[in-house]
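Biologist: I have the model open on my screen. Can you take me through how the helices pack?

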Amino acid sequence: MDIKFDDSGLIPAIIQDYVTGEVLMLAYMNEESYKKTLETGLTHFYSRSRKELWNKGATSGNFQYVKEISLDCDSDSLLIKVKQLGAACHTGEFSCFFKNQLKNEEGLNYKILYDIDEIIKDRKANPKEGSYTNYLFDKGIDKILKKIGEESAEVIIAAKNKNPHETIYEMADLIFHSLVLLNEKEIQLDEIFKELKERYNKKAD
């Protein structure tokens, strides 16, 4: 085994969302919990306070399905990418790292697409009176496609003008309605990113 456990037989494990890259938590593994993680495909850790193994999600149901495990250059820390069910933090927050000390708004990334997508999913499953999203779902596929056509035309018109903010505004509208369409067709956002990644890999080859 290439892993270098410390003098206490432990190694730190950084848990990361495999899609968004968001860091979810930091925990420790010993050799036994690492092997259980490999065997089950679910994260298992070693509790330094309780002196025992624990399976993330065993009591809360918020399991972590392992997608990838990497060692750092010194082989003394692990990076584990997972599909997180529910919240990773015992406080109910999705990530344990929610106490922002410094936040640069320029650091916003495509995670916002997943946040919006989750809201759209929730509106579809739990209709809310007065919701524009539910209005689109109620009207059906033809209405959604009509809106995408309209928003596409507005993007084209905005792009012909000199003000870039108009293009940004209209493009945001188009992206939102595209997410509604994906949910109407029950297509996961992950499938779009997978397709884009495959295209990128082919280009890189």
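Modeller: Start with helix 3 and helix 5 (residues 164–184), which pack at an angle of about 50° with their axes 11 Å apart. The model is predicted, so local features need pLDDT of at least 70 and side-chain atom pairs count only at pLDDT 80 or more, while totals for chains, interfaces and linings use all residues. Residues are numbered from 1 along each chain as its sequence is written, and side-chain values use heavy atoms, with hydrogens and water left out.

Biologist: How do you get the axes and the angle?

Modeller: Axes are lines fitted to C-alpha atoms, for helices over the stretch in contact, and angles run from 0 to 180 degrees between N-to-C directions.

Biologist: Are helix 3 and helix 5 oblique or parallel, then?

Modeller: Helix 3 and helix 5 are therefore oblique to each other. Angles under 35 degrees count as roughly parallel, over 145 as roughly antiparallel, 65 to 115 as roughly perpendicular, and the rest as oblique.

Biologist: Is the crossing of helix 3 and helix 5 right-handed or left-handed?

Modeller: That crossing is right-handed. The term applies if the near helix is turned clockwise from the far one by less than a right angle, and anticlockwise makes it left-handed.

Biologist: Which residues meet there?

Modeller: From helix 3, Tyr132, Thr133, Leu136 and Phe137; from helix 5, Phe176, His177, Val180, Asn183 and Glu184. Contact means heavy atoms within 4.5 Å. By class, the residues divide into five nonpolar, three polar and one charged. Ala, Val, Leu, Ile, Met, Phe, Trp, Tyr, Cys and Pro count as nonpolar, Asp, Glu, Lys and Arg as charged, and the others, Gly among them, as polar.

Biologist: And helix 2, how does it pack with helix 3?

Modeller: Helix 2 (residues 111–125) packs with helix 3 (residues 132–139) at an angle of about 60°, and their axes are 9 Å apart. That makes helix 2 oblique to helix 3. Helix 2 passes helix 3 in a right-handed crossing. Ile120, Arg123 and Lys124 of helix 2 make the contact with Thr133, Asn134 and Phe137 of helix 3. This contact has two nonpolar, two polar and two charged residues.

Biologist: Changing topic: how many helices and strands are in the chain?

Modeller: Six helices and six strands. Helices (H or I, at least four residues) and strands (E, at least two) are DSSP runs, numbered from the N terminus. Along the sequence the pattern reads β-β-α-β-β-β-β-α-α-α-α-α.

Biologist: What does the C-alpha trace span?

Modeller: About 65 × 40 × 35 Å along the principal axes of the protein chain.
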